[in-house]
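Hello,

Here is the structure I said I would pass on. Please look it over first; my notes on it follow below.

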Amino acid sequence: MSTPRLYHFSLSPFCRKVRLVLAEKKIEVELVEERYWEATPDHLRRNPSGKVPVLKMDGVFLSESHAICEYLEEKYPEPELIPHEIKARAEVRRLCFWFDDKFHHDVTKNLVYERVNKKLMRAGYPDGRAVKTGATQISSISITWHGCWTTAAGWRATV
Ligand SMILES: N[C@@H](CCC(=O)N[C@@H](CS)C(=O)NCC(=O)O)C(=O)O
C-alpha cells in the first residue's frame with residue numbers, strides 16, 4: 001500500500017484539521033504544499049472545486065476536510081475521535097462545522113488572506129483593519145475552543 005499524500009496549505013485550518021486526525025491516528029503521510037490559488041490543471045483534476053485539503057489514499061482523491069476526517073475515522077477506528085452514539089455524533093459534527101465556518105470567516109480571511117495570501121498572490125497590501133479584527137478574533141475563538149476541546153476530550157496532537 002502506498003503512503004497517503006496530503007495536498008495542503010500549512011496555514012489553512014481545514015488542512016490542519018486533517019493533519020491532526022492523521023497524527024492522532026498515527027497514519028504516516030506525505031505532505032505536499034499546494035499553491036491552490038495557482039489553480040493548476042493537476043490540482044483541479046484532483047479536486048475540481050480547487051480547494052485544499054485533498055488526500056490521496058486508497059487510489060482515490062478525497063476532498064472536503066470533514067469528509068476526509070470521517071473517511072479516516074471509518075477506516076482507522078482507533079483511537080476513536082467520533083463517538084458511536086447518534087446524538088453525540090451530531091454534536092461532534094455541529095462543533096466541527098461551527099468552528100470551521102467561524103474560524104474561516106472571522107480569523108483566516110482577515111489574517112491569513114490579508115497578510116499571507118495577498119503577498120503570495122501579489123494582490124496588494126494587507127487591509128490593516130481586517131488584520132486587527134482577525135487578531136482580536138483569534139484569541140477569543142481559538143482559546144475558548146481549544147480549552148474546551150482539550151478539557152473535554154483529553155487529547156491534542158500538535159501539527
Ligand atoms: N469546505 C472546505 C473548505 C476548504 C477551503 O476553503 N480551503 C481554502 C484554503 S484555507 C481553499 O482551498 N480556498 C480556495 C478556493 O476557495 O478556491 C473543506 O472543509 O475542505
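The protein has five helices and four strands. This is a predicted model. Starting at the N terminus, the order of the elements is β-α-β-α-β-β-α-α-α. The protein has 159 residues, of which 19% count as buried. If you take the contacts between residues at least 6 apart in sequence, 60% of them join residues at least 24 apart.

Now the sheet. In general, the strands of a sheet pair through backbone hydrogen bonds, and the pairing can be parallel or antiparallel. Here four strands make up an open sheet, in the order E2-E1-E3-E4, and the pairing is mixed. At the edges are strand E2 (30–33) and strand E4 (60–63), each of which pairs on one side only. From one strand to the next, the twist averages 20°.

One pair can be followed residue by residue. Strand E1 (residues 5–8) pairs with strand E3 (residues 54–57) over three bridges, in the antiparallel sense. In this pair, Arg5 stands opposite Lys56 in E3.

Last, the ligand. The shell around the ligand holds 13 residues, and the closest are Ser12, Phe14, Gly50, Lys51 and Ser65. Two elements give two or more residues to this shell: helix H3 (65–75) and helix H4 (86–120). What kinds of residues make up the shell, counted as nonpolar, polar and charged? Five are nonpolar, five are polar and three are charged.

Regards

Methods:
Residues are numbered from 1 along each chain as its sequence is written. This is a predicted model: local features need pLDDT of at least 70, side-chain atom pairs count only at pLDDT 80 or more; totals for chains, interfaces and linings use all residues. A residue is near a molecule or strand if its C-beta atom, placed from the backbone, lies within 6 Å of it. Ala, Val, Leu, Ile, Met, Phe, Trp, Tyr, Cys and Pro count as nonpolar, Asp, Glu, Lys and Arg as charged, and the others, Gly among them, as polar. Two strands pair if DSSP finds at least two bridges between them. Axes are lines fitted to C-alpha atoms, for helices over the stretch in contact, and angles run from 0 to 180 degrees between N-to-C directions. A residue is buried if 20 or more other C-beta atoms lie within 10 Å of its own, exposed if 12 or fewer, and partly exposed in between; C-beta atoms are placed from the backbone. Two residues are in contact if their C-beta atoms, placed from the backbone, lie within 7 Å.
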